[in-house]
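Here are some notes to read alongside the model. Please keep the 3D view open and look up each spot as you go.

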Amino acid sequence: MSFSYRILPAGHLLAIEGLEPPHIGALLDLAESYALLNRSGKTQRDLLKGRTLINLFFEDSTRTRTSFELAGKRLGADVINMSVSTSSVNKGETLIDTATTLNAMHCDLLVVRHAQSGAPALLSQKVSASVINAGDGTHEHPTQALLDALTIRRRKGRLEGLVVAICGDVLHSRVARSNIHLLTAMNARVRIVGPPTLIPADAARLGVEVFHDMRAGLQGADVVMMLRLQKERMTGGLVPSSREFFRFYGLDREKLAHAKPDAIVMHPGPMNRGIEIDSAIADDPERSVIGEQVEMGVACRMAVLDVLARDLRRNA
Amino acid sequence: MPDTLYAGARLLDPATGLDGIGDLLVRDGVILDHGAGLGRPDSAGVVDCAGLCLLPGLVDLRADIGEPGHEHRETIASVAQAAAAGGITTLCVLPDTDPALDDPALVQFVLRRGEATGSLTLLPYGAATKACGGKELAEYGLLKEAGAVAFTDGRRAIASARTMRLALSYARGFGSFIVQHPEEPSLAAGGAATEGELATRLGLPGIPPAAEAIMVQRDIALARITGGHVHFAHVSTAAALDLIRAAKAEALPGGFRVTCDTAPPYFDLNETAIGDWRTYAKLSPPLRPEADRLAVVAALQDGTIDAIASDHQPRDADDKRLPFAQAEAGGAGLATLLGVTLARVHGGDLPLLQALDLLTARPARLLGLPAGRLAKGAPADLLLLDLERGWQVKDGQLPGKAQNSPFDGRALEGRVVGTWKAGRRVFG
C-alpha cells in the first residue's frame, strides 16, 4: 500500500472545477520545469515510451491538436491523430461506439475535443484510457486555463491578488469557465466583461465580478484576457453587429489605457482581428503575451501527460 | 367469476375520507360493499389483507407510450406490465405519437389496445391540433365521441396564442378542456437544463424558469376571455404555481377554469440530480432549483395542484447514452409514481389520504370518471399496499421495458403487493 501523492486523483483531466489549489500549483510547477527543458533543447523521450496517445478531435483545431501532438512526442509517446468528421457521426456512430473502438486499440492517453459539453466525461466512463479534455462545448478547456495561468505566473510572479479581466463572449466560452475556476481557486480577483447577452446566467455565483462597461472592467487590471467572438453570435441575434461589438467591447489602445500600465494582454486564439482585438495590440511585444501562451501550452500538456502516465504505471 | 372478499384491510378511500380496518366484497368486477366485519358469502374467495392497505387503483393523467410509432421504446403490453406493478389501473396517454392521435380511428385503436391488455384502462387524449403541429384544430367532437378524454399536443406547447384561444373556446363547446405543456417554445429552444448557476457551470444551454410562468400567464388570460378550461401539465416552478393559485381563487363556477398537475421528479428531485451529466435526470420541463421543489410541495399541501401524474416518458439507451444536450428528455415513471409520492407522506409533508387523493379521486373527478374511489357500484380497480415495505429503484430491474428512471438508486418505502382490474388480479 503506497500513499504517494496523486496530482489528478480521478486519473483523468476533465475539468478545472474540482481541482484543489495544491493540485493546480503542482501541475504549474511541473509545467514550468518542462518549459525550461523545452527551451534548453533537451528532451525526455523515455517517459511515455511504449504509450499510445490518441488525439480524438470531433471539432476542427490545429493549434490545440498540434500542441498535444508535440507534447506527446517530446515525452516519447506514439501519437495518433484521429479527426472524426461530422459525417461519420451523422452515419450513426455514437460516442459509445468510438469508445469501444479505442478500447480495442489499447489506447493509454486520450485527448478529446467535442462540440458537446460533457462528452469527454461520458467517454471517460467507457474507455480504459486516461482522458484529457481538450475542450468540450461550452463547458471547460482545462489545459488552456493551465497554460494561461503559467503564462501569467511567469510574467507577474504570482496569481494571488492579481486582477484579471476576461472579456467578450463569456457565455459560449469554455476557456472563460476553466480560467474562472482556476484563477478564483488561486485567489486571483476575476472580472468578466461583456454585453449582458454574452454573460452566462448567475455568473457572479462563480465568484467573479461582472462588468458591462469595458473601461470600468479594465480599471486597474493586471491581466486582460480576450475571448474569441464566433461569427454565429451575430447571426443568432446576441450581438447586432461586429462594428458595434468592436466599438464597445473590442480591445484597443484607448480601452487598454484603463488597465495597469504593465498589464499583459492574452488571447486563446484564433483571433478575430478588428472584432475583439485591435491588431496594434495583438502584435505589440510590450503588451501581448499571445506567443508565450502557445509555448506554455506545450509545457502544460507535457505536465498533464506526465502526471497521468505516472498513474498508468501505478495501475499497471 | 366467484365473489372475492378482501379481509381485514386498512381501507383507504380519499374520496370519502375513509381510513379504517374493514372488509371489501367484490362481485362481477364491481365493489358490492365494504365495511367492518362483512360476512363471507358462500364460495367467495378470500384475500387476506391483514397489515396491508387497500385503496382504489391509481388514475394517472399523463404518460407518453411508445405505441404507435416508437415500439422499440415501449409497447402497450409493456406499459400495462409496468402500470400494474405500480398500482395504476387507469392511464391517460398522450397523442403526440407517430402518427398523432388526431383521427377518431386512431383514438379507437388505442382504446381497443388498452382493453386487450385486460389490466389497464388506456384513455387517449386527442390531438389539440392536426398532427400535433400547432396550427389547425383537430376534430374535437368526433375525437371525443371516439373516446378522447381531453385535448393536448402532448410534449409540445401550443405556441400560437390565437390557436390556443380557439382550442380553449372550441373545446368548451364539447364540455372538454385543453392540456398545455407550459413552456414558451422560443425561450426554451435548444435548452437542456434550467438556466442558472448549475447550467452555467456545466456549460449547458439554459431554459429560463420564466418560460413556464409566461405560458401559464398567457393561457390563464386566454381561458378568461374564452370561458374555457386549461389544464397545465407537470408544473414545476414557484412563479407558475403562484399564477395558478391566484387564477383558481378568481375563477367562479360556470366561468373559466384552471387546473394543473405535477409529477414526482418535481417534488422529489432538484436540478443537482443532473450533476455529472446524468442524462436519466434530463426531463422536460427540466429539474429546477430547490426553492421551486419546495414550492411544488407547498402547492401539493394547499391543494393548488389537482393531481400527481407519472409523466412517464420511455426512452432507451440510444436516446440517453449521449452527451447531455443531445440526449432525449424524459423519465420512466409508472413504477415509481406511488412510492415517490409516499416519500412525501413518510417525510411528513402530506397526510396519507391527501397524497392518495392526488393519485386517485381528484384526477378521476377532473376527467369525470367513476374510477378512483371505493364506492359501492364502482369498478373493482384495487391496489393492495404495504405502506412500510422498503425497496430500491434500480435501473435494469424496473417492470416493463422502459428503464430510464430519474430515481435510479432511490430507496423508497411503500410497495404495491397486489393490483386488481375490474376484480381480476393483474399484479402480485
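1. A:Arg51 and A:Leu312 are 261 residues apart in sequence, yet their C-alpha atoms are 9.5 Å apart in space. You will find A:Arg51 in the loop between H1 and strand E1 (52–57) of chain A. Helices (H or I, at least four residues) and strands (E, at least two) are DSSP runs, numbered from the N terminus.

2. A few ground rules. This is a predicted model, in which local features need pLDDT of at least 70 and side-chain atom pairs count only at pLDDT 80 or more, while totals for chains, interfaces and linings use all residues. Residues are numbered from 1 along each chain as its sequence is written, chains are lettered from A and ligands numbered from 1 in the order in which they are written, and side-chain values use heavy atoms, with hydrogens and water left out.

3. How do the two chains meet? On chain A, 21 residues are in contact with 16 residues of chain B. Together the chains bury about 1,500 Å², with 58% of it on carbon and sulfur atoms. Buried area here is the accessible area (1.4 Å probe) that two parts lose on being put together, summed over both. Of the area that chain A buries against chain B, A:Gln116, A:Ser117 and A:Ala201 supply 27%, more than any other three residues.

4. Next come salt bridges (a side-chain nitrogen of Lys or Arg within 4 Å of a carboxyl oxygen of Asp or Glu). How many are there between chain A and chain B? The count is two. B:Glu197 forms a salt bridge with A:Arg205, with the closest N and O atoms 3.1 Å apart. Over all chains, a search of the whole structure finds 44. Within chain A, A:Arg153 pairs with A:Asp29 at 3.0 Å between the closest N and O atoms. That pair links distant parts of the chain, 124 residues apart: A:Arg153 sits in helix H6 (residues 142–156) and A:Asp29 in helix H1 (residues 21–40) of chain A.

5. Now turn to a helix pair in chain B. Helix H8 (residues 238–250) and helix H10 (residues 290–301) pack at an angle of about 25°, their axes 8 Å apart. Axes are lines fitted to C-alpha atoms, for helices over the stretch in contact, and angles run from 0 to 180 degrees between N-to-C directions. H8(B) is therefore roughly parallel to H10(B), as angles under 35 degrees count as roughly parallel, over 145 as roughly antiparallel, 65 to 115 as roughly perpendicular and the rest as oblique. From H8(B), B:Ala238, B:Leu241 and B:Arg245 meet B:Asp292, B:Ala295, B:Val296, B:Ala298 and B:Ala299 of H10(B).

6. Finally, some backbone details to check. The peptide bond from B:Glu67 to B:Pro68 is cis, with omega near -5°, and B:Pro68 lies in the loop between strand E6 (58–63) and helix H1 (76–85) of chain B. Another cis bond runs from B:Ser284 to B:Pro285, with omega near -5°; B:Pro285 is in the loop between helix H9 (264–268) and H10 of chain B. In chain A, A:His106 has a positive phi of about 55° although it is not a glycine.

Methods. Contact means heavy atoms within 4.5 Å.
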